[in-house]
Amino acid sequence: MIKVVRTSLRFIFYLFSFLVLVIPVFIWFFTESPQQVSPILFGAFLLQVIAVVVIQSLFAKTNEQLRNKQTQISLVSSEQFVSLYERSPIPYISLDAGGRVVMYNPAAVRLFETTNDKILGLRFSDYLSLEDENDLSIILGKLFSDHTIVDQEIQLHTEKGSLRWLLLSVYVYELGEQRLVSMIDITHQKAVDAAKTDFVALATHQLRTPIAAIRWNVELLVRSLEATKTEAQAKYLTKIDRNVMRMLALINDFLNVSKLEMGTFATTAEVIDLTVFLDAIVDEYDQKLVENKIFFERTENPPNLNFVSDPRLLHIIISNLLSNAVKYVPPEGKIKYQYELIDNEIIITVSDSGIGIPADELGKLFTKFFRARNAYSHQAVGTGLGLYIVKQSVQKLGGTIVVTSQENIGTSFRVRLPYLS
Ligand code: ADP
């Protein structure tokens with residue numbers, strides 16, 4: 001705003017100067033002969049020239065003062081920046097185009113467990129690692145290009161050989177080829193997380209045995225009361241059974257999450273006939289499909305495709321996707337299941353005409369305990385663990401999963417798995 005006012009004033013001043021200087025010359029030239037210059041007109045002209053010069057020099061002075069002030073401000077802010085950088089408890093380094101450290105703060109020296117002279121020039125990528133080689137090479141690829149990295153979990157090997165977990169962010173400077181790297185040490189949070197995962201694994205494992213016993217005894221009771229039970233007793237038994245099943249499903253989810261996170265999920269490699277495999281899963285949902293008059297379409301190309309995979313992980317993937325489709329499709333809706341073999345990859349797609357997922361929530365879909373807001377209002381029960389487990393399982397099989405969805409139109413999950421024969 002101030003800039004606009006200043007520019008307008010300046011324009012008015014130059015216009016005024018132009019008129020003041022040029023108009024008298026025109027008047028003198030066209031109305032009087034050069035020999036008969038009116039002394040009054042000449043005096044006025046001189047006064048106007050002086051006025052223009054004085055005003056212009058005033059402008060120049062203000063401009064200089066302003067420039068000085070701006071320089072002072074930028075000096076103060078760069079001093080503040082340097083002080084922040086130096087005193088920040090967060091380790092910062094700057095990398096050159098080759099990924100070598102060219103600037104660092106004391107917190108970075110402490111993190112690397114090194115000294116000021118040794119940290120300069122070290123190749124940052126040599127100190128990074130991740131269990132998943134694929135993920136590591138994607139991050140390193142980004143590090144050596146112009147990509148920004150935000151809050152990426154990664155491990156750092158210090159000079160003294162200890163291992164730290166970092167939340168890594170890399171920003172490319174607007175000028176020059178350097179990059180600013182911030183590294184938040186999350187080793188402690190990771191240890192707490194691992195302890196929690198251990199506890200959940202232990203607790204759920206201990207809970208599974210008594211729950212299985214309750215379930216077995218309910219079944220015995222149902223059988224022994226087969227002919228004699230009253231209507232009310234039958235209702236109570238059904239309620240107990242349904243809730244025991246829900247508890248068992250929840251315990252299995254927790255157990256799977258902790259095993260996948262701890263890397264203790266034992267896998268086997270078996271030959272699987274994908275058509276027969278799906279038949280068994282569809283059987284689990286048959287009753288619900290019929291009850292809700294859901295149209296279920298299957299396309300298998302080629303039919304009875306045999307391939308080698310882990311049956312438990314594959315069951316988790318397909319069963320969770322199908323159970324979600326059944327859960328979030330309204331009565332008389334549509335579910336489409338399809339697989340095809342393309343270029344040594346099996347592509348499995350599960351699509352539905354259900355409630356869909358709000359566009360602004362799609363990014364959080366595969367995170368733990370996430371449930372979209374329309375799922376809460378849809379009354380379908382759930383924990384928000386299923387898709388997290390699916391993603392972990394797909395990754396464990398060396399594949400990828402993507403989702404496309406439109407609220408109130410439908411959702412489609414596409415899983416790509418390597419074809420091993
Ligand atoms: P939940 O037990 O809540 O179904 P999931 O992890 O399987 O947990 O799914 C997470 C969330 O993703 C769901 O709560 C729901 O909001 C959304 N979602 C998953 N699949 C679908 C689908 N087929 N249609 C609509 N929303 C879905």
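Helices (H or I, at least four residues) and strands (E, at least two) are DSSP runs numbered from the N terminus. The model is predicted, and local features therefore need a pLDDT of at least 70 and side-chain atom pairs a pLDDT of 80 or more, whereas totals for chains, interfaces and linings use all residues. Residues are numbered from 1 along each chain as its sequence is written, and side-chain values use heavy atoms, with hydrogens and water left out.

Among the buried residues of H7 are Leu237, Val244, Leu248 and Ile251. Asp253, Asn256 and Ser258 of this helix are buried as well. Helix H7 comprises 32 residues (231–262), and its end C-alpha atoms are 47 Å apart, which agrees with the 46 Å that it should span at 1.5 Å a residue. The expected span is 1.5 Å times one less than the number of residues in the helix. Just after H7, Gly263 takes a positive phi of about 75°.

The largest share, three residues, comes from H9. In total, 20 residues surround the ligand, and the closest are Asn324, Asp352, Arg371, Ala372 and Leu387; a residue is near a molecule if one of its heavy atoms lies within 4 Å of it. By class, the shell has ten nonpolar, seven polar and three charged residues.

A polar side-chain atom of Arg371 lies 2.6 Å from a ligand oxygen atom, and a polar side-chain atom of Asn324 lies 2.8 Å from a ligand oxygen atom. For Leu387, a backbone N or O atom lies 2.7 Å from an oxygen atom of the ligand. The protein covers 98% of the 530 Å² of accessible area that the ligand has on its own; accessible areas come from the Shrake-Rupley method with a 1.4 Å probe.

As a whole, the chain has eleven helices and 13 strands. Buried residues make up 34% of its 421 residues. Of the contacts (heavy atoms within 4.5 Å) between residues at least 6 apart in sequence, 59% join residues at least 24 apart.

Terms used:
Buried means under 20% relative accessible area, exposed over 50%, partly exposed in between (1.4 Å probe, protein chains only). A polar contact is a pair of N or O atoms within 3.5 Å; within protein, one must be able to donate a hydrogen and the other to accept it, and residues adjacent in sequence count only if both atoms are side-chain atoms. Ala, Val, Leu, Ile, Met, Phe, Trp, Tyr, Cys and Pro count as nonpolar, Asp, Glu, Lys and Arg as charged, and the others, Gly among them, as polar.
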